[in-house]
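I opened this entry to keep track of what I looked up.

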There are 2 protein chains.
Amino acid sequence: MALIVKKFGGSSVATTEKIKAVARRVLDGMKPEDKVVVVVSAMGDTTDDLIELARGIDKNPYHYAREMDMLLTTGEQVSIALLAMAFCSMGHKAISLTGAMVGMGTNSVHTKGRIVGIEPKRVEEALNEGNIVVVAGFQGADSFGDPVTLGRGGSDTSAVALAGALAADSCEIFTDVDGIYSADPRLVQGARKMQEITYDEMLEMARLGAGVMQPRSVEMGKHFGIPIHVRSTFTEKTGTMIREAYTMEEKDFEIRGLAHDDKVAKLAVMGVPNQPGVAHSLFSALADANVSVDMIVQSVRNIEHNVTDMVFTVAVDDLETAREIVEDVKKKLNAVSVLVEENVAKVSIVGVGMLGNPGIAARMFGALQKADVNIDIISTSEISISCLITKDKLKEAANAIHDEFFPRD
Amino acid sequence: MALIVKKFGGSSVATTEKIKAVARRVLDGMKPEDKVVVVVSAMGDTTDDLIELARGIDKNPYHYAREMDMLLTTGEQVSIALLAMAFCSMGHKAISLTGAMVGMGTNSVHTKGRIVGIEPKRVEEALNEGNIVVVAGFQGADSFGDPVTLGRGGSDTSAVALAGALAADSCEIFTDVDGIYSADPRLVQGARKMQEITYDEMLEMARLGAGVMQPRSVEMGKHFGIPIHVRSTFTEKTGTMIREAYTMEEKDFEIRGLAHDDKVAKLAVMGVPNQPGVAHSLFSALADANVSVDMIVQSVRNIEHNVTDMVFTVAVDDLETAREIVEDVKKKLNAVSVLVEENVAKVSIVGVGMLGNPGIAARMFGALQKADVNIDIISTSEISISCLITKDKLKEAANAIHDEFFPRD
């Protein structure tokens, strides 16, 4: 007997036909003695459609975060009901459970909830009664019983966390690519599939925008020691295993992979009087509003007038909130102006020990130059280098960098 | 201070613009000291769209009633989130609560749940904190915490029951007509608005298909003694009060009103051996499946062979379930055939003491004859007469009967 948690994303359940295909696939791969939990996301673009609907009420609906969660959690509720029906209509007992029902306890930071504890008693009962248990990803409930979403991509986190709480044998993440690639194959020609990747490397890739796995889900896997198998919804092929350490030797690339993020926006507060506490007042206001700031550059523009420019990036979803805060801070600090730029993207390379080799950064910048891509901001971590560039140039930039480090055969 | 429960139906909240209009209307009519609960249905055709979606999984999704409820309850969850956002964006505190959250306890008869008790503690708390409380109609939760819907039109029931449990001063049902009419004005020219109607009369009208109010909501109003004000979403005009007794004298019409129901279907089991227990085995099987049977006719077709035909009507929503049961019973009873007719509608007249005046029935049949409408089945109650006719003829039939009893000026 194996207890397996399988997670299917929104594109795998985008239509009722696809939902039936998911059900068939799960049933085909199931031994009679297996216990199976299926975690699903909202169908296709449902979440985006719901956000768009909320914008019909208020242009910045995330102001009303509790109500956004009330709204958004319906997306997965629809898909779990339909998938459970599909199992039943194929003759297998099944039951759908929302995040609240599976005991997925979260804090009360609506739209960006974090899991604080899982009590999956009802899941265990339902499994013992012979059900396939279909669980709504991306959501839990806080101590008031109010629905709370885990932020974009939270379904992966739900799945891995639930696998951990159930002490499952493995967690399979079904997606529209057949594993983890050295870059997003939709963007970069010649991207290569990896057989294995460690939690830590995957974390850095994911943090920098590699869309296949959400960083939190990888952290969760690391925490519980649950091997995560990332594989295709559409083929039977083995995908990529994310685990603590390599079980086999893979060819040692100079960098591990390339990540990109085109859901970023740049904000700049121009002409801020250069005095102590300026950065603090700006970034603490953003932190209070739960806005994560990514790349930060402070430059002294005009020494004579002692003013500085503060430039930073945020996720596009946070842009409206950030813009209002920044406008406020601008007034308080008596700054000159606020600039917002949405036509930006971040491209990053990841590799352990990269910083010991300064030639890597030079080669990245050289590849961008050859591709005629301007670099707007550079930031580095222990194992990565990121460049903010014009969004229009993302594809050329990513391909140029990838070709530099992963020459095509 | 008044505590008022207001209920807005699906057509009143069909778009985000309409949702904002509802919010403005509630705020305009609200005194600062008032406590207001707003019960809403799913937006526009959402419920039908969700049912259609489920049909993509299985042509008879009501087989999986628990999952249907999981699916359908998302409809109201979307509208409460959006309406609460609309109140907030207009500067008033508001909070949305699902049926489960307002303590709307139901039995576990999925898709046709009945309210077994309400513990609206959270509603009271939220009202005391100064919120407008936006509640999902049509839904509650059973003892497992699973969502259960109250059947079509259940939002009215939710609203009146909640008004009762909160000991509200009144319950206002906002709808797309401006009150209760002597017939559906969309169907019958010259239909007249009533200022008042008693619970009992309204019940009979509603039972026979007058779509404005669901019978259970009227029963609930009668039970709690909550006056129900049925009024238009779009005008400020007073509508129709449903209460225990008249507070003023209205002109004494010969009949109180005309009701119709075009969501019925006729089933016939032909050539059933005429022996004791036949009706019992058929109708108990239907009852076990929670299918309500309306008009029943048993006729001896062929005395020589001692066989009979059993003809009855069910709600269209129950047709698939009923059909399967009837096919089963047909085999068991060795009947000849099963006929299904969907092109039927029921037209009824309601009036206290009608049966004491046999001329009323004759005039109804005469009006139908003049309009060249065949009568398929006739059934009567103490205060009503109903005729099953061809659906295509419904409009002519209803107008002919109405003209007979409510001559136009």
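I began in chain B, at the end of one sheet. I looked up B:Val230 and found its bridge partner in β12(B) to be B:Thr240. The strands here are β11 (residues 228-232) of chain B and β12(B); they run antiparallel and are joined by three bridges. Next I checked the other pairing of β12(B). Strand β10 (residues 196-198) of chain B pairs with β12 (residues 240-243) of chain B in the parallel sense, again over three bridges. In that pair, B:Glu196 has B:Met241 as its bridge partner.

Then I traced the whole sheet of chain B. I read the order β3-β6-β2-β1-β9-β11-β12-β10, eight strands in an open sheet with mixed pairing. Which strands stand at the edges? They are β3 (94-97) and β10 of chain B; each has a single partner strand, so one side of each has no neighbour in the sheet. From one strand to the next, the twist averages 20°.

β3(B) pairs with strand β6 (residues 132-136) of chain B in the parallel sense, over four bridges. B:Ala94 has its bridge partner in β6(B), namely B:Ile132. Helix α4 (residues 121-128) of chain B lies across β1 (3-8), β2 (35-40), β3 and β6 of chain B. I noted its direction at about 130° to β2(B).

**Confidence**

I reminded myself that this is a predicted model. Chain A has a mean pLDDT of 91, and 96% of its residues reach 70 or more. For the complex, the predictor gives an ipTM of 0.75 and a pTM of 0.76.

**Chain A sheet**

I turned to chain A and listed its strands. Eight of them form an open sheet, β3-β6-β2-β1-β9-β11-β12-β10, with mixed pairing. The edge strands are β3 (94-97) and β10 (196-198) of chain A, each pairing on one side only. Neighbouring strands are turned by 20° against each other on average, direction ignored.

Further in, I checked one pair. Strand β1 (residues 3-8) of chain A and strand β9 (residues 170-175) of chain A pair in the parallel sense over five bridges. A:Val5 has A:Cys171 of β9(A) as its bridge partner.

I then asked which helices touch this sheet. Helix α1 (residues 16-28) of chain A lies across β1, β2 (35-40), β6 (132-136), β9 and β11 (228-232) of chain A, at about 160° to β1(A). Helix α6 (residues 199-207) of chain A packs on the sheet too, touching β10 and β12 (240-243) of chain A. The direction of α6 makes about 85° with that of β10(A).

**Helix pair in chain A**

I looked up α5 (residues 154-165) and α7 (residues 215-224) of chain A. They pack at about 10°, with their axes 8 Å apart. Angles under 35 degrees count as roughly parallel, and α5(A) and α7(A) are therefore roughly parallel to each other. From α5(A), the contact includes A:Val160 and A:Ala161; from α7(A), it includes A:Met220 and A:Phe224. The contact residues divide into five nonpolar, four polar and two charged.

**Between the chains**

Last, I checked the interface. How many residues does the contact take from each chain? It takes 41 from chain A and 41 from chain B. About 3,000 Å² is buried between the chains, and carbon and sulfur atoms give 69% of that. On the chain A side, A:Ile57, A:Glu67 and A:Met85 lose the most area to chain B, together 23% of what that side buries.

Conventions: Residues numbered from 1 in each chain as written. Chains lettered and ligands numbered in written order. Predicted model: local features only at pLDDT ≥ 70, side-chain atom pairs only at ≥ 80, totals over all residues. Heavy atoms only, no water. Pairing = 2+ DSSP bridges. Helix = DSSP H or I, 4+ residues; strand = E, 2+ residues; numbered from the N terminus. Axes fitted to C-alpha atoms, helices over the stretch in contact; angles between N-to-C directions. Contact = heavy atoms within 4.5 Å. pLDDT = per-residue confidence, 0-100. Parallel < 35°, antiparallel > 145°, perpendicular 65-115°, else oblique. Nonpolar A, V, L, I, M, F, W, Y, C, P; charged D, E, K, R; others polar. Buried area = accessible area lost by both parts, 1.4 Å probe.
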